Amino acid sequence: MDDGWRLTHLGRLLGHAMRRFDERVLQLMAHNVEVPLALSNLAARSQVSAAHIHITRHLALEGSRLTELARSAGMSKQAMGDLVDQCEAWGLVAREPDQRDARSRLVRFTPTGLAWLQAFRDAVAQAEAEFRTEVGQDVATVVTIGLEAYASGGLEPPPRQART
């Protein structure tokens with residue numbers, strides 16, 4: 001029985017590509033002079049992981065409740081709480097009272113966190129440019145369009161059938 005498919009199926013390739021991309025982004029951030037030195041050192045020593053990027057990707061600029069942040073990142077509230085605790089200790093985020101609900105707290109970027117977010121944006125742009133250079137502009141465009149279509153496929157309900 002041929003089992004080569006286990007190494008080359010789309011899901012595995014997507015996983016490898018995502019890990020490679022995230023590792024490159026963290027590497028670029030570790031060498032970005034705009035990133036505070038302590039955070040740069042954490043990234044350089046692999047203390048910041050792809051899991052920490054979930055906060056960078058999903059935290060709304062106006063702040064998010066922990067439950068919203070966890071849902072958006074596809075994580076449990078407890079796991080997200082642990083990440084927020086770490087990011088809070090590093091000075092990236094702070095928990096503040098939610099003006100809409102006194103029982104809730106919002107997680108917000110600190111000024112250091114906003115600098116981190118800008119460094120993340122710059123690193124993503126550079127990693128995307130490197131991807132386009134490596135695979136070619138045409139392939140990169142097709143991959144991007146295909147991934148956008150595939151990723152959004154499960155988010156929208158199917159169109160309603162007209163009753164006849």
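User: Which residues of H5 are buried?
Analyst: In H5, the buried ones are Leu66, Leu69, Ala70 and Ala73. Buried means under 20% relative accessible area, exposed means over 50%, and partly exposed is in between, with a 1.4 Å probe and protein chains only. Helices (H or I, at least four residues) and strands (E, at least two) are DSSP runs numbered from the N terminus.

User: Where do they sit around the axis of H5?
Analyst: They are on the same side of H5, because they cover an arc of only 95 degrees around the axis. That arc is taken from the directions from the helix axis to the C-beta atoms.

User: And what follows H5?
Analyst: Gly74 does, and its phi is positive, near 70 degrees.

User: Before I go on, what kind of model is this?
Analyst: It is a predicted model, where local features need pLDDT of at least 70, side-chain atom pairs count only at pLDDT 80 or more, and totals for chains, interfaces and linings use all residues. Residues are numbered from 1 along each chain as its sequence is written, and side-chain values use heavy atoms, with hydrogens and water left out.

User: Thanks! What does Met80 touch, leaving aside neighbours within four places in sequence?
Analyst: Met80 is in contact (heavy atoms within 4.5 Å) with Leu66, Leu69, Ala70 and Ala73, and also with His54, Ile55 and Met75.

User: Which residues touch the most other members of the largest nonpolar core?
Analyst: Met80 is one of them, along with Val25, Met29, Ile55, Leu59, Val84 and Val93, in a core of 28 residues. A nonpolar core here is a set of buried Ala, Val, Leu, Ile, Met, Phe, Trp, Tyr and Cys residues joined through side-chain atoms within 4.5 Å.

User: Which elements supply at least two residues of that core?
Analyst: Those are helices H2 (10–30), H4 (50–58), H5 (66–73), H6 (77–89) and H7 (111–135), plus strand E3 (101–109). H7 brings the largest share, seven residues.

User: Switching topic: what is the volume of the largest pocket?
Analyst: About 1,400 Å³. On a 1 Å grid over the protein atoms alone, a pocket is an open set of points where a 1.4 Å probe fits, with protein on both sides within 12 Å along at least five of seven lines, and lining residues have an atom within 4 Å of a point. Grid points are joined across faces, edges and corners, and the volume is the space filled by probe spheres set on the points.

User: Which lining residues lie nearest its centre?
Analyst: Ala17, Met18, Phe21, Val143 and Leu147, out of 31 lining residues. H2, H4, H7 and helix H8 (137–152) each give two or more residues to that lining, and H8 gives the most, with 10.

User: How many of the lining residues are charged?
Analyst: Eight are charged, next to 16 nonpolar and seven polar. Ala, Val, Leu, Ile, Met, Phe, Trp, Tyr, Cys and Pro count as nonpolar, Asp, Glu, Lys and Arg as charged, and the others, Gly among them, as polar.

User: How about Ser104, buried or exposed?
Analyst: Ser104 is buried, with a relative accessible area of 17%. Its place is in strand E3, and beyond four places in sequence Ser104 touches Arg65, Pro97 and Asp98.

User: And Arg132, what does that touch?
Analyst: Arg132, in helix H7, touches Gln137 and Ala140, not counting residues up to four places away in sequence.
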